[in-house]
Protein chains: 2
Amino acid sequence: MITIREVARVAGVSVATASRALNDSSLVTRDTRTRVREAASRLDYSPHGAAQSLITSRTHTIGVLLPDLHGEFFSELIRGIDQTAQQGGFHCLVSSTRHRGPLLEAALRSMWGRVDGLVLMCPEFTREMSGRTLPGRFPVVLLNSPPSETDFDSLSVANYEGAYAMVRHLAGLGHRRIAMIRGANGNFDAAERLRGYRAALRDAGLPEAPELEVPGEFSEESGHAAVHHLLRLPSRPTAIFAANDSMAIGALSALRDAGLQVPADVALGGFDDIPMARYMTPALTSVRVDIAALGARAATRLLETLVSPAGPAPLPHPCRETLPTTLVVRRSSGAHSITTPRREAV
Amino acid sequence: MITIREVARVAGVSVATASRALNDSSLVTRDTRTRVREAASRLDYSPHGAAQSLITSRTHTIGVLLPDLHGEFFSELIRGIDQTAQQGGFHCLVSSTRHRGPLLEAALRSMWGRVDGLVLMCPEFTREMSGRTLPGRFPVVLLNSPPSETDFDSLSVANYEGAYAMVRHLAGLGHRRIAMIRGANGNFDAAERLRGYRAALRDAGLPEAPELEVPGEFSEESGHAAVHHLLRLPSRPTAIFAANDSMAIGALSALRDAGLQVPADVALGGFDDIPMARYMTPALTSVRVDIAALGARAATRLLETLVSPAGPAPLPHPCRETLPTTLVVRRSSGAHSITTPRREAV
DNA sequence: GACACCTATGTAAACGTTTGCATCGCCGGA
DNA sequence: TCCGGCGATGCAAACGTTTACATAGGTGTC
């Protein structure tokens with residue numbers, strides 16, 4: 001292993017000068033700077049990250065703690081975060097598990113001293129969890145987490161507005177019995193989408209119908225099961241809004257199994273607009289979420305507080321932000337006269 | 001910030017004893033161990049990662065350097081790596097960019113001192129790149145990289161065998177003119193798949209037909225373009241093998257645009273078996289690659305060398321390994337009598 | 001020519017942890 | 001009683017950096 005001492009020796013200066021030269025300090029003459037630089041590159045020197053972190057107490061790394069997400073979402077989010085982080089000269093330490101209680105704590109602890117800040121996605125996050133684990137004013141940006149529970153900055157997508165737009169769209173097509181396949185229990189996104197659904201029904205003058213709200217768990221299977229349940233109702237819905245696309249896929253196959261046509265017999269809408277949505281037959285009407293942008297924004301927010309001259313200190317009051325969603329209309333909702341996908345901003 | 005000194009003070013011992021107690025050294029009495037442990041948990045102490053790394057020169061972190069991958073592949077790979085790493089008590093420092101030449105070097109350098117080993121996926125990796133950048137015997141596992149170019153352990157999927165199985169399958173269905181949409185130039189996976197295609201043609205007694213090998217770049221658009229090119233040939237192919245599923249999707253839409261039926265007019269096969277493959281109409285015959293397993297295996301291999309009692313030293317000669325692929329037959333290849341997907345091991 | 005000032009460099013302390021070595025008390029054997 | 005050995009603990013060095021402070025040389029001013 002080759003250290004800065006070696007570089008200093010070769011360049012014929014002290015370690016201090018070498019360090020300064022490598023860090024572009026204004027205290028070294030141009031001549032010594034180049035001499036040190038040359039020595040460093042000749043020796044293939046790179047500074048030892050841990051040593052730098054120890055003395056400067058900045059790691060230039062952001063931690064990314066995610067639940068065990070499914071494909072597309074996960075990768076897009078990381079892509080957005082990593083790209084922004086790299087531009088700011090930061091690394092990403094990622095970890096993904098089912099973070100319930102103690103596991104989350106363990107994950108957080110083990111990152112301590114290795115990261116300057118955290119992007120934490122935890123739809124079941126509670127203040128209690130943070131209290132013990134997160135040191136006082138550690139910079140954290142929460143993703144898609146319940147707002148009231150915490151003092152941290154947070155970021156989420158316009159779940160409510162997206163769901164509202166979808167249901168309004170369905171109601172606008174004349175549907176009176178619109179069912180919803182709900183997301184996982186205790187999940188913030190799921191709760192918000194449900195709230196949007198209900199509000200849109202109300203605003204459209206449609207009656208509440210609790211039997212049309214069936215549980216789901218964001219998985220294909222649960223979408224499939226939910227449709228089975230719905231089809232057994234005395235009066236079956238004419239439109240179904242699934243709280244995410246995976247469940248919509250499961251719903252579609254269940255409808256097909258039952259010999260029903262989409263959208264002729266039942267209209268269908270999803271949420272997330274995963275890439276697969278446009279390739280299904282019929283193509284799935286969904287609510288588009290720019291996941292990479294969400295990640296990028298989270299990273300930006302974190303970097304802002306990290307490189308602020310005042311040092312890593314969050315804003316006085318926690319700052320919430322919501323990223324817009326877009327309704328993408330395709331064939332599955334039966335907007336008959338429309339052939340090319342139309343987008344409606346929310 | 002709360003350090004081990006604090007813990008020691010509270011527990012009424014020296015830092016050395018505190019450290020030993022926290023690290024389960026056999027040199028401390030049971031009584032002091034519990035006393036120290038208690039103090040630590042009362043103070044919410046967690047050891048400072050950087051300091052530990054500096055002294056022990058182990059970071060308990062593995063670096064993951066990937067090209068800018070598309071969705072599913074990326075996330076599955078990370079999932080596999082991270083899961084295995086976590087089980088071994090390791091973190092993952094991931095970075096993803098178009099790593100050509102200097103960028104790759106920069107990425108590698110900046111990880112120096114922050115990771116104990118590296119999972120490096122770089123289909124264009126050359127020995128020259130490694131020579132300067134990677135310190136002598138730094139533990140690295142290469143993913144899907146050209147074999148001869150390097151001294152490092154490497155891991156890849158059975159591209160050759162998978163492609164061979166696909167083309168044999170198509171030939172077995174009676175096709176005589178089987179086209180291939182090639183992958184990106186200079187990409188190792190792409191080259192291997194091409195090799196498998198050619199070998200299968202030869203073994204099936206089919207003539208070489210260079211005009212049936214059209215270039216592609218692993219993107220939907222290039223698949224679309226490739227089909228346009230193929231349809232303009234004097235004698236058009238009856239089957240098309242795309243070097244990955246994305247291109248197969250593009251190809252499918254181009255075929256549909258041209259008014260051709262799949263598989264009636266043209267049979268179609270892909271590679272990777274991304275989740276979307278089974279939801280297309282017709283469902284896509286593809287070659288399944290267990291990406292998460294690939295990642296997990298890579299991590300396992302790396303951890304083995306990292307925790308080996310001999311310390312981090314790679315095996316004397318570089319060790320290659322290939323993960324099996326599976327042919328998944330669906331409707332797009334027109335295996336008429338088969339209704340449920342059949343799997344054929346390779 | 002003495003003095004202050006500025007600029008470039010060197011010296012050494014610090015970051016938080018682990019660990020080799022010294023120390024100390026205790027026990028058993030002679 | 002003395003001594004060797006051993007088990008538990010403390011002391012201090014070390015890891016590779018950065019940086020406050022000291023220092024040395026040069027330059028300008030009186």
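## Surface near DNA strand C

Around DNA strand C there are 27 residues, and the closest of them are A:A16, B:T3, B:I4, B:A16 and B:S19. This description rests on a predicted model. By residue class, the surface near DNA strand C divides into 16 nonpolar, ten polar and one charged.

## Contact between chains A and B

The two protein chains meet in a contact that takes 36 residues from chain A and 35 residues from chain B. On the side of chain A that touches chain B, the elements giving two or more residues are helix 4 (49-56), helix 5 (71-87) and strand 2 (91-96) of chain A, and helix 5 of chain A gives the most, with nine residues. The residues on this side of chain A comprise 14 nonpolar, 14 polar and eight charged.

Strand pairing also links the chains: strand 2 of chain A and strand 2 (residues 91-96) of chain B pair in the antiparallel sense, over three bridges. In this pairing A:L93 stands opposite B:L93, which belongs to strand 2 of chain B.

## The parallel sheet of chain A

Chain A holds an open sheet of four strands, arranged in the order 7-6-8-9 with parallel pairing. Its edge strands are strand 7 (213-214) and strand 9 (267-269) of chain A, each of which pairs on one side only. Within the sheet, strand 6 (residues 178-181) of chain A runs parallel to strand 8 (residues 239-242) of chain A and is joined to it by four bridges, and A:I178 stands opposite A:A239 of strand 8 of chain A.

Helix 8 (residues 159-172) of chain A packs on this sheet, where it touches strand 6, strand 8 and strand 9 of chain A. The direction of helix 8 of chain A makes about 170° with that of strand 8 of chain A.

## Confidence in the model

For chain A the mean pLDDT is 87, and 87% of the residues of chain A reach 70 or more. Over residues 337-346 of chain A, however, pLDDT stays under 50, and for this stretch the model has 19 contacts beyond four places in sequence. Where pLDDT is low, predicted coordinates should not be read in detail.

Terms used:
Residues numbered from 1 in each chain as written. Chains lettered and ligands numbered in written order. Predicted model: local features only at pLDDT ≥ 70, side-chain atom pairs only at ≥ 80, totals over all residues. Contact = placed C-beta atoms within 7 Å. Nonpolar A, V, L, I, M, F, W, Y, C, P; charged D, E, K, R; others polar. Pairing = 2+ DSSP bridges. pLDDT = per-residue confidence, 0-100. Axes fitted to C-alpha atoms, helices over the stretch in contact; angles between N-to-C directions. Near = placed C-beta within 6 Å.
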